[in-house]
Amino acid sequence: MGVPAQGGAGPKIPAEERAHLMSTPTIPSIVFAHGIWADGSCYSKVIPTLQAQGHQVVSAQNSLDTVAGDVAAVKRALGRVSSPAILVGHSYGGTVITAAGTDDRVAGLVYISALAPDEDETSQSLQAKFPTTDAFGHIDIADGRIWLRPDGIECFAGDLSEQEQQVVWATQGAPAADLFDQKVEGTAWKSKPSWYIVAKNDRSVHPELERFCAKRMDASTYEADSSHVPMLSQPSLVIDVILTAAKSVRGS
């Protein structure tokens, strides 16, 4: 368990020093991958602090059409920042960074209540090893996509305010119906250092699945009293873990 960063703003760095840090190759960049029923803005509470501390940051916008397409989107994002980079994946975004993380530009992986399939697994086959979570009782399949119904947002983001929950629901990214059955090559957590945040009150990805993945990859593991979206409900903890990963990568 780490100690969460205090506050959400982080220390202020003078513009000249910040520009120098951002041009220094040893300062890791941060590339985010979001999951289903979310978009790149789900990291909006953590990005400003990381930028203020000198990290180049890109939050990829994944189409959720194919795993291969989302992996390609993350790799394109890697091309817009300096190397080395840390990939951060939430939920299904963990599947994406598991494949994309084999890229030579990636030095570490941070998983947030995320899937992390092995080479012989898909997102679906990994989830099938654990009880079905509440969120999947509140979905509609229409037009080839999987939609979270309004009555399911509490299972996804129950520790956010009512207003925030409604914004998350309104901006949801609905995945292709077969997305979780798709497989791409690459299991980066077998060769890259990893950090994992377990959301203890998760009703979308089973917390025991999260603990299983964290243990299997020998990740530095943190547990949060959080719903599925700790980057929105407990951003200080998520910032702290990412900065810990960045410090470790830079030190190595």
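**View 1. Asp 103 in the loop between H4 and strand E4 (106-112).** In this predicted model, Asp 103 has a relative accessibility of 14% and therefore counts as buried, the cut-off for that class being under 20%. Not counting residues up to four places away in sequence, Asp 103 touches Lys 75, Leu 78 and Lys 192.

**View 2. Packing of helix H3 (residues 67-78) against helix H4 (residues 93-100).** The two helices pack at an angle of about 65°, and their axes are 9 Å apart; H3 and H4 are therefore roughly perpendicular to each other, a class that covers angles from 65 to 115 degrees. The crossing of H3 and H4 is right-handed. On the H3 side the contact is made by Val 67, Asp 70, Val 71, Val 74 and Lys 75, and on the H4 side by Thr 95, Val 96, Ala 99 and Ala 100. By residue class, this contact of H3 with H4 divides into six nonpolar, one polar and two charged residues.

**View 3. The largest nonpolar core, with 78 residues.** Within this core, the residues that touch the most other members are Phe 32, Tyr 43, Leu 87, Val 88, Val 110, Tyr 111 and Tyr 196. Helix H10 (residues 235-251) supplies the largest share of the core, namely nine residues.

**View 4. The surroundings of Leu 87.** Leu 87, one of the core residues that touch the most other members, is in contact with Val 31, Val 74, Leu 78, Ile 97, Ala 100, Gly 101, Val 106, Gly 108, Leu 109 and Val 110, once its neighbours within four places in sequence are left aside. Among these partners of Leu 87 are Val 74 and Ala 100, which also take part in the contact of H3 with H4.

Key. Residues numbered from 1 in each chain as written. Predicted model: local features only at pLDDT ≥ 70, side-chain atom pairs only at ≥ 80, totals over all residues. Heavy atoms only, no water. Axes fitted to C-alpha atoms, helices over the stretch in contact; angles between N-to-C directions. Helix = DSSP H or I, 4+ residues; strand = E, 2+ residues; numbered from the N terminus. Parallel < 35°, antiparallel > 145°, perpendicular 65-115°, else oblique. Left-handed = near helix turned anticlockwise from the far one by under 90°. Contact = heavy atoms within 4.5 Å. Nonpolar A, V, L, I, M, F, W, Y, C, P; charged D, E, K, R; others polar. Core = buried A, V, L, I, M, F, W, Y, C linked by side-chain atoms within 4.5 Å. Buried < 20%, exposed > 50% of the residue type's maximum accessible area, 1.4 Å probe, protein only.
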